[in-house]
Amino acid sequence: MNVSLERINEDYLFEVSNSEGKSVLLDNKSKTHGEVQGISPMELLLMGIAGCSSIDIIAILNKQKINPSSLKMDVKGHRHENQVPALFYQIDINIYLEGRFSPEKAKRAAKLSFEKYCSVSKTLESTAKINHKVYLNGTEV
């Protein structure tokens, strides 16, 4: 796995690309001048945990012949703002699934993702407590 980064202006804007040419713009959210035009690296970590776990959850459910009609997540990272580096100490994730399957299967898929399969959450768990809640068809399970 390789990525490359290139500075694309005289400020803090960078483009980071993978080996297939897919790219993301990164920027400094704490800069005092100019418009923020990209995602911060710490936001990218939260996006990574959401993406990683959602892929796991869908894969786990698909193996059971379940294909949710919808999956959405809200991820909130809590950081030690007055410390350098400002690490995440807690990450709260709400998972919203829609479909005709049991609440137990929804909970189990999320639990397996965060406790066993999601490489991003497993990487972050040494510095951040990762909490998740699962909602199936609008009801917390």
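Tyr12, Phe14, Leu26, Asp27, Asn28, Lys29, Ser30, Ser40, Pro41, Met42, Glu43 and Arg79 line the second largest pocket. Here a pocket is an open set of points on a 1 Å grid over the protein atoms alone, with protein on both sides within 12 Å along at least five of seven lines, and lining residues have an atom within 4 Å of a point. Keep in mind that this is a predicted model, where local features need pLDDT of at least 70, side-chain atom pairs count only at pLDDT 80 or more, and totals for chains, interfaces and linings use all residues. Residues are numbered from 1 along each chain as its sequence is written, and side-chain values use heavy atoms, with hydrogens and water left out.

The largest pocket is lined by Met1, Asn2, Val3, Val16, Ser17, Asn18, Lys22, Ser23, Val24 and Leu44. Volumes are the space filled by probe spheres set on the points, which are joined across faces, edges and corners.

| Pocket | Volume | Top contributor to lining |
|---|---|---|
| Largest | about 290 Å³ | strand 2, three residues |

Helices (H or I, at least four residues) and strands (E, at least two) are DSSP runs, numbered from the N terminus. Strand 2 (14-18) and strand 3 (23-26) each put at least two residues into the lining of the largest pocket. By class, that lining has five nonpolar, four polar and one charged residues; the second largest pocket has five nonpolar, three polar and four charged. For these classes, Ala, Val, Leu, Ile, Met, Phe, Trp, Tyr, Cys and Pro are nonpolar, Asp, Glu, Lys and Arg are charged, and the others, Gly among them, are polar.

**The sheet and its helices**

Four strands make an open sheet in the order 4-5-6-7, with mixed pairing (a pair needs at least two DSSP bridges). Strand 4 (70-79) and strand 7 (139-140) sit at the edges with a single partner strand each, so one side of each has no neighbour in the sheet. Helix 1 (residues 41-63) packs on the sheet, touching strands 4, 5 and 6, and its direction makes about 145 degrees with that of strand 4. Contact means heavy atoms within 4.5 Å; angles run from 0 to 180 degrees between N-to-C directions of lines fitted to C-alpha atoms, for helices over the stretch in contact.

Strand 5 (residues 88-98) and strand 6 (residues 129-136) run parallel, joined by eight bridges. Ile93 has His132 as its bridge partner in strand 6. Helix 2 (residues 103-117) lies across strand 5 and strand 6, at about 160 degrees to strand 6.

**Ile60**

Ile60 belongs to helix 1. Ile60 counts as buried because its relative accessibility is 12%, and the cut-off is under 20% (1.4 Å probe, protein chains only). Beyond its neighbours within four places in sequence, Ile60 is in contact with Ala109, Leu112, Ser113 and Tyr117.

Conventions:
1 Å grid on protein atoms, 1.4 Å probe; cavity = no way out; pocket = protein on both sides within 12 Å on 5 of 7 lines; lining within 4 Å. Buried < 20%, exposed > 50% of the residue type's maximum accessible area, 1.4 Å probe, protein only.
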